[in-house]
Amino acid sequence: MKRVASVAPFGSCFSSKTIANSQTGPVVPYIDIGLAGNDHNWRFYDANSMVPVNKDVMCLAFVDAGSKPKSRTSIVIGGYQTENYVIEFDLVSSKLGISTSLLFHNTTCSQSLLR
């Protein structure tokens with residue numbers, strides 16, 4: 001992957017011409033985020049980790065939240081990262097359940113709603 005100039009608000013951007021594509025999106029390394037108090041990771045795959053900003057550039061789809069002294073958040077996981085996952089919040093048990101990407105099941109959230 002060839003790095004190119006950043007495109008705000010993203011810090012890490014790459015030439016789209018140097019990134020192959022697959023059924024689940026651009027072929028890039030997985031990103032695993034560990035959840036506190038748990039030995040499981042939330043794995044972000046291709047389509048949920050890179051965002052196309054124009055026809056020639058894709059950027060890492062995470063934005064640095066800054067280093068303000070009172071900030072406890074280094075990044076924000078937003079709608080782009082959670083797209084095509086089924087996420088269950090069990091408030092009674094204080095548990096979070098996350099499916100694998102629906103793209104691996106040849107479907108998307110929008111297609112699932114139509115069934």
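The model is predicted, so local features need pLDDT of at least 70 and side-chain atom pairs count only at pLDDT 80 or more, while totals for chains, interfaces and linings use all residues. Residues are numbered from 1 along each chain as its sequence is written, and side-chain values use heavy atoms, with hydrogens and water left out.

I start with the cis bond. Ala-8 and Pro-9 are joined by a cis peptide bond, with omega about 5°. Pro-9 sits in the loop between strand 1 (3-4) and strand 2 (13-15). Strands here are DSSP runs of E, at least two residues, numbered from the N terminus.

Next, the disulfide, meaning a pair of cysteine sulfur atoms within 2.5 Å. The structure holds one. Its partners are Cys-13 and Cys-59, with sulfur atoms 2.0 Å apart. The pair links distant parts of the chain, as Cys-13 is in strand 2 and Cys-59 is in strand 8 (residues 57-60), 46 residues apart. The torsion about the S-S bond of Cys-13 and Cys-59 is about 100°, so the disulfide is right-handed.

Are these cysteines buried or exposed? Buried means under 20% relative accessible area, exposed over 50%, and partly exposed in between, with a 1.4 Å probe and protein chains only. Cys-13 is buried at 0%, and Cys-59 is buried at 0%.

Last, the hairpin. Strand 5 (residues 31-34) and strand 6 (residues 41-44) run antiparallel, joined by four bridges; two strands pair if DSSP finds at least two bridges between them. Asp-32 has Arg-43 in strand 6 as its bridge partner. Six residues lie between the two strands of this hairpin, and Gly-37 takes a positive phi near 75° there.
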